[in-house]
Amino acid sequence: MTSRSLCFKLMREDLKRRVWTIALSVLGLVFTLLVPVALKSSAYLAALKEGINSYEKAANIRRLVNMLGINGAVIAVLLVLAVVWAVSGFHYLHISRQVDFYHSIPVKRHVLFLSSYFNGLLVPAAIYLVIQAGSAALILRTGIGASVIGTLPWKMFLLNTLYYAMIYTTAIIAVMMTGNLIISLLGTLVFLAWGPAVTALIVGYRSMWFHTICETTKESMMWMRIISNSSLFANYMSALEYFQEGELTALRIIGAVIVTILLTVLAGFLYRIRPSEAAGRAMAFSRTQTPIKLLIALPVAVVFGIFFYQLRSTLAWGIFGSICGSFLTCCLMEIIYHFDFRKLLFNWIQMAACGAVSVLLLLAGIYDWYGFDSYLPKATDVKSASVNMGYTEDWVTYGQPRLQEDYQGRTTYSWNYVGQREYQYENMELSDIYSVMELAKRGVDADRNYRKNKRESWQIGLYDNSEMSIFVVHFRLNNGREVRRLYRIPLDMEGMRDLMTVIHDSKEYKKGTYPILLQSAADTSSVYFQQYNQVEKLELDSEERARLLAIYQKELEELTMETRKKEVPAATIQFRTLSLDQAVEVNRAAAGNVYEGLENRCFYPIYPSFTRTLAALQEAGVHVSELNGDVLSEINIQYYAVLEDETERAISAYEEQPVSYVEKEDIDALAPALLFRDYMDMNAYYEADCADNVYVTVVFAGPRTNQYQDRTRTMVNCRVDLNLLSQEEVRRFGFLRYEDLESESND
């Protein structure tokens, strides 16, 4: 009882010397919370008198209530107050005379510590609680019901107070470990920022030197979780994000409480063992100097090395940067430790060790001493594999509809996307390990050549500016381990195109790339046919849908690289699943055609060589038309101007009036060379020689309609394949390639 009474008396005496801190806390929270709420409340009442619609009223209420929730200004003030209260409560530890005075008082040290600690914790919390309650009262005074506000103000108060206590205790620990005010503030900054900064450096180091690294979405999220838990400040920001999304769990709060208690115990322990003579020194405990210096100097040296290496991509500059960063950081910290400029080289051995480690880390990255990029598993250890060929199939839609509630409270569907690589990881199992291993070997060779060329000349382009393609190889090993690598390989490398053909033509590759091949007839509710932006639903029963689906799946499986080099899709087809059909109907009922985007998902190409599919469509009453004078009424060609300045040769396509070809003779000559742009985008392997100085649109003859619009002139964007025209026709219509544009511009 005596100790408790004494503690309360000491708390009262402590507050007398910290009146300015109390005033700062009141002013900070009043002007960032109470005053803004009062202004917004007044504006809301004035708007109600003038008359506002229901949407504006709901928006104003939402803004008012949100001020009691995650308020950036309030959070910033609380962070500043946490440091201010910590420093003001224990600043006497930095002044020798005051330390002698406080420690001469016949009071146990832990009582002295608790009196200042509780003041800095309870007083700001009480001020914040009163102002939060006052702000809530002002909002309730406007007529907004308590049910609308709910428990948000009190949950936010508890969350902010908890993390205030955590940051406050951390700042106290920084004060305990130092003997100078400025060093204390720097120490607090290091405690709060070092973890995220170093974690971000590790991520950047990996992406800088591990050229073939390929992380999944789950792995990227793992690094985000590591960053969010690498410091108390980052954890605070993460907790706020979870709170906003309604996903803040009790376990996370309990963890924060436990961490705060442990930090408090650590702060009390440091206070008890802190030597009185530490006042005025940079560091209160000499044993902490070396670890802290190395933990700061080494990351800085690595950053300097990467920065200077990126400037010129030469080894010499990278080494210079590493040594320079180590030298400057170690010298600066020695000066801070001793408050003497002459002591900058006091611990030159530590400086040399730090520089050597940073140089070794640089060399390890440049020369791949880790063996990460050159690693290849043994073929006998590989159970199965998957391959992603860059952007060649980026037209495929992955994912499924997802139920959601929009901003007006209506239940609608959006599309829940899945990445192509993630889909292939899960669904592709190539058994031809030899071809995949050969592809990976070429990727390793390409990376080795790149590293060598980049070291020899910093001006050299990526892989000698060869035509590149990105490949992601995923190995599943017999022991359960998974290995993923991303390779950038020149397509002119020996055997590359043959390997791509072998992998592409395998049924396993297609099944792991096209979700349609895994779709069952039972899950197919309707079929839609599309050609040149015109969509129609096929009237088929369940058996006919199943037969058409099976025919299309078979021909898509048999599609070869050679066929894709020679053909562009003639049309597209969509086999809608039950979930997609349901999503489309729900969206239509909720908001008309506002959410019509789902209707365009999951269309697949029909190539001219898909004879069985085309025959089945013809039986269903669908006619696949060809572009010719019978179906086209007009071809509009907008020619690009050629300027003297090469950098501006491709000007706006609309600078001049287009040339319209309406004669059947001209249309019949041009039509065979026209390629629908959307269909070209579905085939990255088509070997075309397109005209680069024109923008072409075609107009269909007669009225045409689709389910999204009713227009008598349906215009379609096309490209012109010069391989399908004679040289005389190329000259007649004025088509040019980029090399021709450059030649004409130079002339």
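**Helix α4 and its setting**

Tutor: The model is a predicted one. The N-terminal end of α4 is capped by Asn71, which places a side-chain oxygen 3.2 Å from the backbone nitrogen of Ala73. Along its length α4 is mostly covered, since 14 of its 19 residues are buried. As background to any reading of a helix, an α-helix has 3.6 residues a turn, so residues three or four places apart point the same way.

Thr212 belongs to the loop that runs between α9 (181–209) and α10 (217–228). Its relative accessibility is 2%, and because buried means under 20%, Thr212 counts as buried. The side chain of Thr212 makes a polar contact of 2.7 Å with the side chain of Asp373. Beyond its neighbours within four places in sequence, the contacts of Thr212 are with Phe372, Asp373, Arg484, Arg485, Leu486 and Tyr487.

One of these contacts, Arg484, leads on to the charged pairs. Side chains of opposite charge can pair when their charged atoms come close. Arg484 and Glu219 form a salt bridge through their side chains, at 2.5 Å from N to O. This pair joins distant parts of the chain, with Glu219 in helix α10 and Arg484 in strand β5 (residues 482–490), 265 residues apart.

A salt bridge of 3.9 Å, N to O, connects the side chains of Glu557 and Lys511. Here too distant parts of the chain are linked, because Glu557 sits in helix α20 (residues 542–558) and Lys511 in helix α19 (residues 507–511), 46 residues apart. Glu557 is buried at a relative accessible area of 12%, while Lys511 is partly exposed at 36%.

Another salt bridge brings together the side chains of Arg612 and Glu555, at 3.2 Å from N to O. Arg612 lies in helix α23 (residues 611–619) and Glu555 in helix α20, so this pair ties together parts 57 residues apart in sequence. Arg612 counts as partly exposed, with 41% relative accessibility; Glu555, with 4%, counts as buried. Both residues also belong to a network of salt bridges that links Lys554, Glu555, Glu558 and Arg612. Over the entire structure there are 23 salt bridges.

The protein contains 27 helices and 16 strands. Its radius of gyration is 35 Å, well over the 27 Å that the globule rule gives for 747 residues, so the protein is more spread out than a compact globule. Along the principal axes, its C-alpha atoms fill a box of roughly 110 × 75 × 60 Å. Of the 747 residues, 48% count as buried. Among contacts with a separation of 6 or more, 78% are made by residues 24 or more positions apart. The accessible surface comes to about 37,500 Å², and carbon and sulfur atoms account for 58% of that surface.

Note on methods
Residues numbered from 1 in each chain as written. Predicted model: local features only at pLDDT ≥ 70, side-chain atom pairs only at ≥ 80, totals over all residues. Heavy atoms only, no water. Buried < 20%, exposed > 50% of the residue type's maximum accessible area, 1.4 Å probe, protein only. Helix = DSSP H or I, 4+ residues; strand = E, 2+ residues; numbered from the N terminus. Polar contact = N/O pair within 3.5 Å; in protein donor to acceptor, adjacent residues only side chain to side chain. Contact = heavy atoms within 4.5 Å. Rg over C-alpha atoms; globule rule 2.2 N^0.38 Å. Areas by Shrake-Rupley, 256 points an atom, 1.4 Å probe, with all protein chains shown as cover. Salt bridge = Lys/Arg side-chain N within 4 Å of Asp/Glu carboxyl O.
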